[in-house]
Amino acid sequence: MSNTSSDALITRLSALETGQVSDVLDEAGYPNHALSSDLFPLIPGKRFAGRAACLRGEPFIQGATQVPAVPGNTLETLTTNGTIIVIEAGGFQSGALLGGFVAYSLQRAGALAIVTDGAIRDADEIRELGLQCVQRTITPLNGARRWRMTRSDGPISLPGQTGVRVEIHQGDLLLGDSDGVVVVPGSIAQQIIEDTEELQRIEWRIGEALRNGAERAQAFAANPRFAHIRPALNIASNKH
């Protein structure tokens with residue numbers, strides 16, 4: 001998929017709600033798509049939509065078998081306009097994976113948000129930048145002395161709301177709003193977005209009917225919400 005067409009999909013995705021996208025992914029046969037609510041937004045209510053750039057790290061342990069760290073500028077080299085930086089912490093929460101300087105550098109490179117199951121710091125500074133972060137925790141401890149980034153080619157996984165980890169690949173689409181964060185696999189993004197746009201139109205009609213005095217059951221019966229949703233047949237497993 002070209003960057004132009006992908007950017008158009010992101011623009012369309014950004015006009016949707018995570019709840020609507022979630023319903024469509026469920027109906028399409030892809031129920032494991034929502035990140036755990038244990039990962040919370042730094043800026044409540046701030047929406048984002050973009051393509052995932054995936055990275056993984058692990059606690060820093062001296063030893064001959066330690067996985068080498070990736071270059072220090074890896075985050076910036078993976079970032080373009082519309083990127084969502086997604087970092088799997090490898091179970092590490094004893095220090096911040098990034099702070100204000102890194103956040104500013106990534107925002108300058110085009111990052112729209114950072115999503116991680118690890119920690120961040122310099123929270124007030126990052127809020128002032130307006131860069132959304134979704135993280136497990138916030139701490140003053142510097143993770144650079146305790147953690148290193150070891151992988152930048154994906155896939156990675158983050159905790160899911162269903163209790164199953166959500167696998168995320170390079171180029172998958174992420175949408176975040178006040179309800180949480182959903183992951184849309186890049187391979188079916190166009191189909192999911194098209195079907196969600198139709199669901200959005202159907203739900204608008206239901207809302208209009210309710211505002212005009214219709215009973216809820218009547219409005220739902222006259223406007224089936226999910227009959228149009230196509231199965232995601234090109235996904236080998238859900239599954240992710």
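User: What do strand 12 and strand 13 form, and how many residues lie between them?

Analyst: In this predicted model, strand 12 and strand 13 form a hairpin, with 2 residues between them.

User: What makes strand 12 and strand 13 a pair, and in which sense do they run?

Analyst: Two strands count as paired if at least two bridges are found between them. Strand 12 (residues 173-177) and strand 13 are joined over 5 bridges, in the antiparallel sense; they therefore meet the criterion. Within this pairing, leucine 175 has valine 182 in strand 13 as its bridge partner.

User: Why is glutamine 20 called buried?

Analyst: The cut-off for burial is under 20% relative accessible area. Glutamine 20 has a relative accessibility of 6%, so it counts as buried. Glutamine 20 belongs to helix 2 (residues 18-27). Leaving aside residues up to four places away in sequence, glutamine 20 touches Thr196, Leu199, Gln200 and Glu203.

User: How do you know that the span of helix 6 agrees with its number of residues?

Analyst: Helix 6 (residues 189-211) has 23 residues and, at 1.5 Å a residue, should span 33 Å; the C-alpha atoms at its ends are 32 Å apart, so the two values agree. The buried residues of helix 6 include Ile192, Thr196, Leu199 and Ile206. After helix 6 comes glycine 213, with a positive phi near 105 degrees.

User: What makes strand 4 and strand 8 edge strands?

Analyst: The open sheet consists of 3 strands in the order 4-6-8, with parallel pairing. Strand 4 and strand 8 (137-138) each pair on one side only, and they are the edge strands. Strand 4 pairs with strand 6 (residues 119-120) over 2 bridges, and the requirement is at least two, so the pairing qualifies. Leucine 98 stands opposite isoleucine 120 in strand 6.

User: How many residues does the largest nonpolar core have, and which of them have the most contacts inside it?

Analyst: This core has 22 residues, and those with the most contacts inside it are Leu42, Leu75, Ile85, Ile87, Leu98, Ile114 and Ile126. Among the elements giving two or more residues to this core are strand 3 (83-88), helix 4 (100-109) and strand 5 (111-116). Another core, of 21 residues, lies apart from it and includes Tyr30, Leu173, Ile192 and Leu199.

Definitions and conventions:
Residues numbered from 1 in each chain as written. Predicted model: local features only at pLDDT ≥ 70, side-chain atom pairs only at ≥ 80, totals over all residues. Heavy atoms only, no water. Helix = DSSP H or I, 4+ residues; strand = E, 2+ residues; numbered from the N terminus. Buried < 20%, exposed > 50% of the residue type's maximum accessible area, 1.4 Å probe, protein only. Contact = heavy atoms within 4.5 Å. Core = buried A, V, L, I, M, F, W, Y, C linked by side-chain atoms within 4.5 Å. Expected span 1.5 Å × (residues − 1).
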